[in-house]
Amino acid sequence: METPPTVLVVDDSRTKRYLLVNWLTRAGFTVIEAESGSEALRQVEVDPVDLVVLDVRLPDLSGFEVCERIKSTHPALPVIHVSAHAIDTTDRAQGLTRGADAYLAEPIDPEELIATAHAVLRYYQARQRAELLAERLTGLADTTVAVHAAPNFDQLLELAAAGTAEIFKSPAAVIAETFDGECLAGVCAGPGAPSRVVPWVVDDSDTPIGATVRVEQPAAWALVEWPPDDTVTVAAGRLRDDRAPLYVVVPTATQTAQTPVLRQLAQAVASAVEVQRSFDEEHRIAVTLQRSLLPQRIPQIAGLDLAVRYEPASARTEIGGDFYELVMLNGHLLLAIGDVAGHSLHAATVMAELRHALRAYAVEGHQPGEILHRVNELMRTLLPTELATICVLLLDPATGQVRLASAGHLPPLISMDGKIEYVQHSAPLLGVRAPRPADLEFVLPPGATIVFYTDGLIERRDVNIDEGLGALAASAVRVDADLDRFCQRLLDELAPDEIQDDVAVVALRRH
């Protein structure tokens, strides 16, 4: 049952106040009283007042001033002036100019008072509904933008739950399935509260395509603490028959007729979920494809330990151009690492061509510098718009003798007995016509570890390359006995939580 509006009657005359209270009470209003302007101002701050009936002449403040002060803090609270003295045109004009919504002069007709009260309440209730709708539509737009920009499924649900709680000023839950069938719920206890993701299971068998709204008991959605003595309204958005629907759950008391904002919110978040599902599926396919272009196993070589780590960019569906190669040829280990410019299927295709060309020239028996020269000629002839960096090493496991050539790649690092040295071999990157230096020759001593890596490990937008190289050197001073653990530690210490570029790390230790 709808609660009757509450009217505050402000008049210093007990007789007049009695009449006004009596008329309004018989008309179905809840009425409270005040004898002075100061008392009225206090009451509107503590009592849920829907309408003020205010005498113009009060013992402490004028009714005009009281009205102005009420409107300054409660602009949506309607005020009706009543007066037996200030009844000329100037007084009426001043009252209405200073904020009153109506002005009645005595003798007051009860029916006119009641009709005026209902009229101003209708106006303000319509205004409140319009303002509420405008506020909620603004929140809907903000939440729609946020969920479509979410980098992953969990954050999408967290943002959706927080946005829903802010829109409806209530607890909220948003439930959806990932593309691989895991059902998750984003929950938020109320506006401003942190949101989180928890597992949840929903029976989707009877949910049709489109947007539907139903009212249910809160026990069926025991994800947050719902308000007592209320049901929950559940909006379901299903875009395709072969996809699980999305659910947005809020207390029923928050909803207006036909639940327009809740329906639109469910559709908007369902659309973002569908995009995220497709994104995640494509990302997994992309990563699987990229890994298939890399070596499937690490060779077992007497006298050497080898370890590799490859991590694709966290928030990309594109395949990157990072690659590495480890293969034994004629008793020597061929180790290569490289990076083709760009992040796309095209970059991965170029990467595959370069890797196969590099292997072919190595099988022909060429040394690292000649391999890079021939790969460069191939690129300039067949892939004239592409650029890439590569570092190639040939190692004799028995003697530790190394021949190394680089084409613009980051310098490998040697760690031994707590000392760090970068192997500098400056040379132009592939795709550029320029003279190349001779191969670098040295011996990798027993106990030494050499680390190759791509730029995703050390490059950041907010730091320069020297700082990144310094951080790598500090992490690589200690080499773990388990080389796999060492590579993982480098990733843990140097790579950000959200990897923005692919990262490849290859470590080799000579016994």
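Predicted model: local features only at pLDDT ≥ 70, side-chain atom pairs only at ≥ 80, totals over all residues.
**Ground rules.** I number residues from 1 along each chain as its sequence is written, and side-chain values use heavy atoms, with hydrogens and water left out. Local features need pLDDT of at least 70 and side-chain atom pairs count only at pLDDT 80 or more, while totals for chains, interfaces and linings use all residues.

**Cavities.** I looked for cavities (sets of points on a 1 Å grid over the protein atoms alone where a 1.4 Å probe fits but cannot get out). I found two of 30 Å³ or more. Volume here is the space filled by probe spheres set on the points, which are joined across faces, edges and corners.

Helix α7, residues 260–292, gives the most, with four residues. Helices are DSSP runs of H or I, at least four residues, and strands are runs of E, at least two, numbered from the N terminus.

I noted Cys183, Asp204 and Tyr247 among its lining residues. Strand β6, residues 172–177, supplies the largest share, three residues.

**Helix pair.** I then checked α2 (residues 37–46) and α3 (residues 63–73): their axes come within 10 Å and cross at roughly 15°. Axes are lines fitted to C-alpha atoms over the stretch in contact, with angles from 0 to 180 degrees between N-to-C directions. The two are therefore roughly parallel (angles under 35 degrees). Gly37, Leu41, Val44 and Glu45 of α2 make the contact with Val66, Arg69, Ile70 and Thr73 of α3 (heavy atoms within 4.5 Å).

Technical notes
1 Å grid on protein atoms, 1.4 Å probe; cavity = no way out; pocket = protein on both sides within 12 Å on 5 of 7 lines; lining within 4 Å. Parallel < 35°, antiparallel > 145°, perpendicular 65-115°, else oblique.
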